[in-house]
Amino acid sequence: MEFKAEYVVLPIIIVAAFLYMGLDGLPLTHPGNIKAADPFYHALAVENIIDTHQWKYYPAWVAFGDTKAMNVQPPLLYTQAAILTTFTGLPSWTTIYFIVCLFAAFGIGIVFFIIERGFKSELVATLAVITLVLPLGLQAWFYSIYIGLWIQVVAYFFVVAFVWMCVSFLRDGHRWQLWVANACVVAIIITHPQDLIPIFPLWAVMAWKVWKKTSTLKERIASFTALASFSAILFVLLLPHFIWVWGDASQSMVPGIYSPNPTYYDTSYTGGLTLPALYFFPWWVLIPSAISIIAMGIQWRKFKGALGVISLYMFVIYATPFIFKDPYYLLRMRALQPYVMMPLVALVVVSLLSMVRLQQSLKYVSVIIVGVLLLWAGYAPYSQLQSGLAGEHITLQKWEAYQWIQKSIPVDSKILMLEGTGQANPMFTKRIAGLVEPDELIRHVQYIVKNETMPLDWTVEWNALTVRHTHVRESGFMSYVNYPEWNRTARISDFDYVYMENQNEQVANINAWFVQTLKSEGYDIVYNRNGIVVVGRKHAA
Amino acid sequence: MLRELKMAGTWFAISLGFMLLLSIAYKSPYAIVAITLGYAAFILLPGYVWAYPLKQTFVQTFLLANIIGFAWGAAYVPLDIFLRVPLNPVTFIVVTMASVCLGLYINRGTYFGRQHHPTLQQSTPEKETPVNPS
């Protein structure tokens with residue numbers, strides 16, 4: 001069997017998938033692999049479909065008992081993960097993470113073919129994809145996965161796939177490439193529709209090529225049908241969702257007066273975590289990339305396609321703060337910067353290799369050696385990252401408590417959660433819950449110590465707040481209204497249950513006082529295991 | 001006559017093996033096999049049926065199958081939003097089978113007819129005059 005350079009892609013995909021999945025892991029016993037709020041709600045979105053057998057509306061516990069609250073999360077990734085969980089019995093927090101990591105790895109495979117077509121070099125493509133597996137520190141290459149932008153990881157796969165089809169169609173002109181591009185747009189619409197914006201110029205280029213290439217009306221209709229049919233139909237079907245649900249969430253995406261302080265490296269979007277920027281990359285990436293760009297610019301006729309795509313991408317990720325009020329989701333696309341930078345580095349390395357008289361096979365060996373050395377160098381920071389992510393928001397003991405809550409507490413009950421509420425993990429109770437922030441708890445403990453009495457008012461964050469990104473409910477056919485977010489001030493008497501975690505001795509003492517006080521107010525202990533205590537109102541228990 | 005179908009089946013089987021390797025991170029034999037078979041049945045197979053006739057190389061066909069198979073999940077959107085068909089195991093199986101059957105029907109010329117995949121032409125001597133792939 002003839003060896004083809006593209007076969008290198010297969011072990012690279014395996015290595016990449018293994019590394020990505022190994023970072024947080026695929027635990028079968030409890031959702032210990034979820035490290036941030038966003039992935040909690042991604043996993044819950046899968047469970048919601050399994051629990052309710054539908055996607056359109058949120059379960060009642062998400063929207064304060066309302067059963068017609070519109071689901072904001074686009075359905076495709078969650079539905080596919082729900083299918084896998086349904087038929088394999090594997091937990092949702094693993095099936096969705098599995099798909100996310102798989103598609104992140106597949107995206108690298110697609111980059112091989114884009115680079116091979118774009119630069120007409122299997123060597124550049126081979127080195128580029130090897131370095132994409134583990135090229136740099138976590139901020140540069142792993143941003144989307146460790147931050148938890150899971151639906152965007154899958155959407156980015158389809159963005160890259162769309163670029164593949166665009167590059168291929170512009171060279172080959174096959175109609176099936178239009179159909180696949182159409183499928184990519186469909187997938188993006190129902191995975192993370194904001195990512196449609198940057199590919200629209202490429203779609204327009206494809207449409208222009210279709211127009212130029214086709215001469216008869218029949219051919220034109222057939223080709224435009226291939227390019228746009230499914231995506232147009234889906235767009236029309238989802239138009240109410242776009243206007244009233246996603247539109248409500250995306251007011252910030254409309255063009256408007258730009259922010260008075262547009263910044264390239266803004267941290268406010270991500271709660272202090274800096275979006276990936278050019279300065280994340282080391283000098284040995286930036287300098288060869290710059291050299292590549294300059295060299296391509298000099299030969300711009302030969303590289304006009306690549307330069308066009310790179311320019312469009314850089315414009316989206318760095319210039320849009322000057323156009324849109326809040327280009328939050330567009331700036332997240334900086335996570336794809338390695339996909340642009342590493343092929344440019346590979347181009348320089350292979351160009352240097354070409355100056356040496358070597359047999360083609362030896363050039364391949366050299367390229368693979370360079371790639372393996374880079375992988376080896378990247379493994380140390382990967383291991384550090386792995387141990388850094390070892391902590392769990394939901395331990396096995398906590399998961400047992402949450403499972404007890406799901407099975408034993410009525411669905412319309414309200415729970416006050418005093419401790420252990422970090423990163424929105426109480427979503428896995430699947431109940432209406434008021435989460436007390438640590439600062440609020442400290443403030444109340446100080447009040448208790450001083451006054452020896454239970455504070456009346458508590459400020460809570462209502463469970464699944466990040467899921468209720470918009471507050472839209474269906475009031476009739478094609479008719480939508482807003483539903484309110486509950487008042488954040490609540491009293492313990494508003495809750496049927498109170499959840500406490502004895503995280504250390506001091507907290508255990510405070511909780512013991514809470515339990516004693518609540519007993520005198522008609523509560524009783526209903527769960528007490530592994531340092532987790534739940535008290536319930538006697539008529540509710 | 002069924003050589004294309006057999007070749008597609010061979011490629012699919014190789015892809016299955018590849019998926020097994022990709023699932024090793026699950027670290028549990030049951031989980032590895034289950035996720036492989038589940039993914040292959042509901043995403044890879046419906047994608048493969050449509051991707052194989054595109055006459056690309058094995059790796060490209062595998063990637064295309066994942067693109068198309070995953071995107072097929074769009075079928076659940078109108079079923080859920082407009083027809084309120086419950087998204088339960090029956091629906092998942094029916095939609096997947098519909099995709100596979102439709103793919104086999106639309107591409108029957110490839111699977112059951114005389115249009116041959118380039119790989120098949122290179123590896124197997126033809127007894128009859130092959131149809132040149134476009």
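1. Helices (H or I, at least four residues) and strands (E, at least two) are DSSP runs, numbered from the N terminus. The expected span of a helix is 1.5 Å times one less than its number of residues. Residues are numbered from 1 along each chain as its sequence is written, and chains are lettered from A and ligands numbered from 1 in the order in which they are written. This is a predicted model, in which local features need pLDDT of at least 70, side-chain atom pairs count only at pLDDT 80 or more, and totals for chains, interfaces and linings use all residues.

2. Helix α13 of chain A covers residues 283-298, which makes 16 residues. From first C-alpha to last, α13(A) reaches 22 Å, close to the expected 22 Å. A residue is buried if 20 or more other C-beta atoms lie within 10 Å of its own, exposed if 12 or fewer, and partly exposed in between, with C-beta atoms placed from the backbone. In α13(A) the buried residues are V285(A), P288(A), S289(A) and S292(A). They fall within an arc of 105° seen down the axis of α13(A), so they line one face of the helix; the arc is that of the directions from the helix axis to the C-beta atoms. An α-helix has 3.6 residues a turn, so residues three or four places apart point the same way.

3. Which exposed residues sit on the face of α13(A) turned away from its buried side? They are W283(A), A290(A), I294(A), G297(A) and I298(A). The cover over the buried residues of α13(A) includes α16 (337-354) of chain A.

4. Next, the domains of chain A, whose bounds come from an automatic or database domain assignment. Domain 1 takes 5-28 + 91-388, and domain 2 takes 396-537. Their C-alpha centres lie 41 Å apart. Each domain gives five residues to the contact between them, where two residues are in contact if their C-beta atoms, placed from the backbone, lie within 7 Å. On the side of domain 1 of chain A that touches domain 2, four residues are nonpolar, none is polar and one is charged. Here Ala, Val, Leu, Ile, Met, Phe, Trp, Tyr, Cys and Pro count as nonpolar, Asp, Glu, Lys and Arg as charged, and the others, Gly among them, as polar.

5. The contact between the chains takes 44 residues from chain A and 37 residues from chain B. On the side of chain A that touches chain B, the elements giving two or more residues are α1 (9-24), α3 (76-88), α4 (92-119), α9 (175-189) and α11 (217-237). Of these, α3(A) gives the most, with eight residues. By class, this side of chain A has 32 nonpolar, nine polar and three charged residues.

6. Strand β1 (414-417) of chain A has both faces covered: K414(A) and L416(A) on one side, and I415(A) and M417(A) on the other, are all buried. Two strands pair if DSSP finds at least two bridges between them. Four bridges join β1(A) to β2(A), which run parallel, and K414(A) stands opposite I432(A) in β2(A). β1(A) also pairs in the parallel sense with β7 (residues 497-501) of chain A, over three bridges. There V498(A) is the bridge partner of L416(A).

7. Strands β4 (residues 472-476) and β5 (residues 479-482) of chain A run antiparallel and are joined by four bridges. R473(A) stands opposite V481(A) in β5(A). Their hairpin has two residues between the strands, and M478(A) in it takes a positive phi near 50°.

8. Most residues other than glycine have a negative phi, and most peptide bonds are trans. A424(A) is not a glycine, yet has a positive phi of about 60°. A424(A) lies in the loop between β1 and β2 (432-436) of chain A. Is A424(A) buried or exposed? A424(A) is buried, because 23 other C-beta atoms lie within 10 Å. E452(A) has a positive phi near 50° and is found in the loop between α19 (438-451) and β3 (457-462) of chain A. E452(A) counts as exposed because it has 9 C-beta neighbours inside 10 Å.

9. Chain B has seven helices and zero strands. Of its 134 residues, 42% count as buried. L79(B), in helix α4 (residues 76-81) of chain B, is partly exposed because 17 other C-beta atoms lie within 10 Å. Not counting residues up to four places away in sequence, L79(B) touches V85(B) and T91(B). L79(B) and V95(B) are 16 residues apart in sequence and 9.9 Å apart in space, C-alpha to C-alpha.
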